[in-house]
Amino acid sequence: MTPYDAGKPLAELAAELGLPELVRLSANENPLGPSPHVLDAIAREAARVHLYPDGGAVALRDALARRLGVRPGQLVVGNGADELIGLVALAAFEPGDEVVVPQPSFEPYATSVVLAGARAVLSPLAGYETDLDDIRRKVSGRTKAVMLCSPHNPTATIIRKAPLLAFLDALGADPPLVVLDEAYYDFADDPEYPNGVALLARYPRLIVLRTFSKIAGLAGLRVGYAAATAETCDRLNRVRAPYNVNRLGQAAALAALEDGEHWERTRRHVLEERRFLSEGLQKRGYTFPPSQANFLLVKVPDAAALRDKLLHAGLLVRDGADVGFPGHLRISVGLREANEKLLGIL
Ligand SMILES: Cc1ncc(COP(=O)(O)O)c(C=O)c1O
């Protein structure tokens, strides 16, 4: 196992480079930051940090349940979606189990499988797309789960509704768990993008993951959730630490849910700037899969050199080689100023 390398702190990196500021376009964060209502809620809650948080995240789960049209018992809140990936592995994966994981995809899937002593069966992408046919062929009697990511990280492509339903139906009457990671759900605007939560009633082995890190700009507070059957949630709760989501995170997530305007502002910004970046990149002759997320995976001639050039100009992007796509850069959608600067350099 190699430890996850999140890179140097931004300020340290900027100081090393002698730059007054470095804009991070490498972690798919929210360029608008959190809502002002969230900041107020955090300030109010700060006076209570000597008290343990609500271990059941009752108020947050109630609000989420109302929004999503599920019961509160069908939700587990985690310290980021990251924690929930780990909890699924802890609750369900055993030595001898196989878990089918698209390759490449979000690194913690395979890591959690290995940590649980199970075996990750890798399914290569078909170009930039999740290859559901290949995944289906790799499902065997030993398969405990299938990991799916839509929009996918790092390709930003989605799994459309018809192929997803056909895939889920083809798994038969005794299917493995299917973890559908929808961390970038709010940025997808393809009319054929399915809402995983709406599929729970029909597919009880489905576990949908979402997060407040991206759309709500709460990456630093670590709040994500799983939506699944009450039985699955019960199993996740058995392996969850009692106070896994801190008090400020719960208050902030609740306030973020109540501020629909900021949610929508972020979504509009990402969609508009994604179009701006896509058009600018196309004009310059770059190719990339059309993005349904808040980042683009762009094919470039010399990724390391280009990343370095951008870095010295104050823009930090991800070298695709670090996320399984050598010869590419993964670039988060930023504010207009950063996006213009990026296009100017490219
Ligand atoms: C596909 C995917 N899933 C999950 C996460 C983790 O989200 P969180 O910040 O809630 O742990 C990320 C973060 O980048 C991601 O890209």
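Me: Starting with two helices, how do α10 and α12 run relative to each other?
Reply: In this structure, which is a predicted model, α10 and α12 are roughly parallel to each other, because angles under 35 degrees count as roughly parallel and their axes cross at roughly 10°. Those axes come within 10 Å, with α10 covering residues 260-283 and α12 covering residues 336-345.

Me: Which residues make that contact?
Reply: On the α10 side they are His 269, Glu 273, Phe 276, Leu 277, Gly 280 and Leu 281, and on the α12 side they are Arg 336, Asn 339, Glu 340, Leu 342 and Leu 343. Sorted by class, the contact of α10 with α12 has 5 nonpolar, 3 polar and 3 charged residues.

Me: OK, now α3 and α9, at what angle do they cross?
Reply: The axes of α3, which is residues 58-68, and α9, which is residues 247-258, cross at roughly 25° and come within 9 Å. That angle makes α3 roughly parallel to α9, and the crossing in which α3 passes α9 is left-handed.

Me: And which residues of α3 and α9 meet there?
Reply: From α3 there are Ala 59, Leu 60, Ala 63, Leu 64 and Arg 67, and they meet Gln 250, Ala 253, Leu 254 and Leu 257 of α9. The contact of α3 with α9 divides by class into 7 nonpolar, 1 polar and 1 charged residues.

Me: What about α2 and α9, is that crossing left-handed or right-handed?
Reply: The crossing of α2 and α9 is right-handed, and the two helices pack at an angle of about 145° with their axes 8 Å apart. In α2, the residues His 37, Val 38, Ala 41, Ile 42, Glu 45 and Ala 46 meet Arg 247, Leu 248, Ala 251, Ala 252, Ala 255 and Ala 256 in α9. By class, the contact of α2 with α9 is made up of 9 nonpolar, 1 polar and 2 charged residues.

Me: Where does Ala 57 sit?
Reply: Ala 57 lies in the loop between α2, residues 36-46, and α3. Its phi is positive, about 45°, although Ala 57 is not a glycine.

Me: Changing topic to the ligand, how many residues surround it?
Reply: There are 14 residues around the ligand, and the closest are Ala 81, Asp 181, Thr 211, Ser 213 and Arg 222.

Me: How far is the side chain of Thr 211 from an oxygen atom of the ligand?
Reply: A polar side-chain atom of Thr 211 is 2.5 Å from a ligand oxygen atom. For Ser 213, a polar side-chain atom lies 2.6 Å from an oxygen atom of the ligand, and for Lys 214 an N or O atom of the side chain is 2.8 Å from an oxygen atom of the ligand.

Me: Is the peptide bond from Ser 150 to Pro 151 cis or trans?
Reply: The bond from Ser 150 to Pro 151 is cis, with omega near -5°, and Pro 151 is placed in the loop between β5, residues 143-149, and α7, residues 161-170. Asn 153 and Pro 154 are also joined by a cis peptide bond, with omega about 20°, and Pro 154 lies in the loop between β5 and α7.

Me: Last one, what does Thr 229 touch?
Reply: Leaving out residues up to four places away in sequence, Thr 229 touches Gly 73, Gln 74 and Pro 204. Thr 229 is in the loop between β8, residues 224-227, and α8, residues 230-239, and its side chain is joined to that of Thr 232 by a polar contact of 2.9 Å.

How values were computed. Residues are numbered from 1 along each chain as its sequence is written. This is a predicted model: local features need pLDDT of at least 70, side-chain atom pairs count only at pLDDT 80 or more; totals for chains, interfaces and linings use all residues. Side-chain values use heavy atoms; hydrogens and water are left out. Axes are lines fitted to C-alpha atoms, for helices over the stretch in contact, and angles run from 0 to 180 degrees between N-to-C directions. Helices (H or I, at least four residues) and strands (E, at least two) are DSSP runs, numbered from the N terminus. Angles under 35 degrees count as roughly parallel, over 145 as roughly antiparallel, 65 to 115 as roughly perpendicular and the rest as oblique. A crossing is left-handed if the near helix is turned anticlockwise from the far one by less than a right angle, and right-handed if clockwise. Contact means heavy atoms within 4.5 Å. Ala, Val, Leu, Ile, Met, Phe, Trp, Tyr, Cys and Pro count as nonpolar, Asp, Glu, Lys and Arg as charged, and the others, Gly among them, as polar. A residue is near a molecule or strand if one of its heavy atoms lies within 4 Å of it. A polar contact is a pair of N or O atoms within 3.5 Å; within protein, one must be able to donate a hydrogen and the other to accept it, and residues adjacent in sequence count only if both atoms are side-chain atoms.
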